[in-house]
Amino acid sequence: MRLKIINDFDIQKQARELGVSVWQTPSFLFFVMGIVIIIAMTAVYSISKYYDSPEILIMTESGVVISLFIVGNFIIRNIEIMAISNKVKSEFVSVASHQLKTPLSEVSWKLELLMAKYSQGLTEKQHEILDSVNKSNDKMKRLVNDLLDVARIEQSNFYLGSESVDLNKIVEEAAVDYRDLARAKGVEIEVSTDRFLPSFQGDQRKLELMVGNLVSNAVKYMNKKGKVRIVSNFNPSKKQVQVCVEDNGVGIPDSQQKKIFEKFFRSDNVVKYQTEGTGLGLYIAKNIADKSGGDLWFESKENVGSKFCFILPVK
Ligand code: ADP
């Protein structure tokens with residue numbers, strides 16, 4: 001509790017995070033406002049005590065109101081500037097990502113065409129190069145899609161579709177998708193699905209994204225041989241489906257757990273050895289779970305492992 005209050009008033013940290021100077025941070029401005037109010041009250045009190053004149057009192061009070069109005073206006077202006085720059089930044093990300101999407105898709109089509117039509121004449125080395133170009137292109141497409149989702153979330157344009165979803169199938173497919181990567185790291189993926197899990201209305205692509213992210217993280221953040229367990233369940237009384245992805249990997253340090261669903265956040269213990277990652281996956285996943293009327297949460301212990309679970313309502 002004490003730490004939280006100190007943290008809230010760490011003005012320099014807030015300035016760094018917001019990218020503004022110290023005197024422009026909301027905490028500093030509210031602090032100034034508080035001081036001005038205290039000084040103004042004391043001044044009005046003293047003046048009313050020493051001068052028994054209603055004119056002087058009215059003038060002092062008017063002065064107080066004007067200075068409060070000036071400081072208040074200054075605070076509002078600064079908050080407005082921050083809100084506008086945040087909006088401009090989201091729009092820039094959205095436009096840039098849209099513009100990148102078309103050429104990236106074009107590269108994909110051309111590569112597919114090249115592989116389908118002319119692959120027989122290529123040497124093994126040329127195949128390897130094409131394969132690596134294809135993988136890099138896929139990575140960029142995923143990043144662009146993530147950035148577009150982030151921009152949509154920030155602009156309140158993040159909508160979910162509604163179609164019949166078979167969550168067990170999504171879980172099984174995610175396990176297949178990451179099995180090769182897991183095998184290469186000496187990680188076993190075990191799937192246990194509830195055969196009574198009903199299909200329900202949801203956004204198939206977004207749920208694939210969420211499950212894929214949890215499974216890929218569980219495999220990615222394993223620095224030794226280990227096991228990833230994916231379990232699905234149905235709770236008929238609450239009409240909820242639940243999926244948990246558990247690993248015995250590097251875990252998340254206690255001090256950083258509260259930041260895990262913030263965008264671009266990556267914990268210190270993983271950035272040292274796993275350079276691949278943007279810190280966007282869980283931010284998007286949390287939004288998908290929330291927007292679906294469900295929830296996403298986790299338990300984790302550094303050097304022991306993590307368990308990420310989500311529930312979704314069955315409508
Ligand atoms: P990314 O994996 O691209 O960095 P995410 O948003 O998916 O982005 O995850 C954010 C951060 O949360 C990761 O960088 C890592 O620090 C931590 N994290 C997520 N899942 C796990 C996990 N299963 N084990 C340990 N740390 C994890």
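## Glu190 in strand β2

Glu190 belongs to strand β2 (residues 187-192); strands are DSSP runs of E with at least two residues, helices are runs of H or I with at least four, and both are numbered from the N terminus. With a relative accessible area of 23%, Glu190 is partly exposed. Buried stands for under 20% relative accessible area, exposed for over 50%, and partly exposed for values in between (1.4 Å probe, protein chains only). The C-alpha atom of Glu190 lies 8.5 Å from that of Val231, although 41 residues separate the two along the chain.

The model is predicted: local features need pLDDT of at least 70 and side-chain atom pairs count only at pLDDT 80 or more, while totals for chains, interfaces and linings use all residues. Residues are numbered from 1 along each chain as its sequence is written, and side-chain values use heavy atoms, with hydrogens and water left out.

## Helix α8

Helix α8 covers residues 204-220, which makes 17 residues. From its first C-alpha to its last it reaches 24 Å, close to the expected 24 Å; the expected span is 1.5 Å times one less than the number of residues. Because 13 of its 17 residues are buried, α8 is largely enclosed by the rest of the structure.

At the start of α8, a side-chain oxygen of Asp203 comes to within 3.2 Å of the backbone nitrogen of Arg205. This is a polar contact, that is, a pair of N or O atoms within 3.5 Å; within protein, one must be able to donate a hydrogen and the other to accept it, and residues adjacent in sequence count only if both atoms are side-chain atoms.

## The surroundings of the ligand

The ligand has 21 residues around it, and those that come nearest are Asn217, Tyr221, Arg266, Ser267 and Leu282. A residue is counted here if one of its heavy atoms lies within 4 Å. The shell consists of nine nonpolar, nine polar and three charged residues. Its largest share, four residues, is supplied by α8.

Taken alone, the ligand exposes 530 Å², of which the protein buries 97%; accessible areas come from the Shrake-Rupley method with a 1.4 Å probe, and for residues only the protein chains shown count as cover. The elements that give two or more residues to the shell are α8, α10 (281-291) and β7 (305-313).

## Aromatic pairs

The whole structure holds two aromatic pairs. Rings of Phe, Tyr and Trp (its six-membered ring) pair if their centres lie within 6.5 Å; planes under 30 degrees apart are stacked, over 60 edge-to-face, and the rest tilted. Phe261 and Phe298 are edge-to-face, with 5.7 Å centre to centre and 70 degrees between the planes. Phe261 lies in the loop between β5 (240-247) and α9 (268-271) and Phe298 in strand β6 (residues 295-301), so this pair ties together parts 37 residues apart in sequence.

Phe261 and Phe298 are both buried. Phe298 and Phe308 are stacked, at 5.1 Å centre to centre and 25 degrees between the planes. Phe261, Phe298 and Phe308 form one aromatic cluster.

Note on methods:
Nonpolar A, V, L, I, M, F, W, Y, C, P; charged D, E, K, R; others polar.
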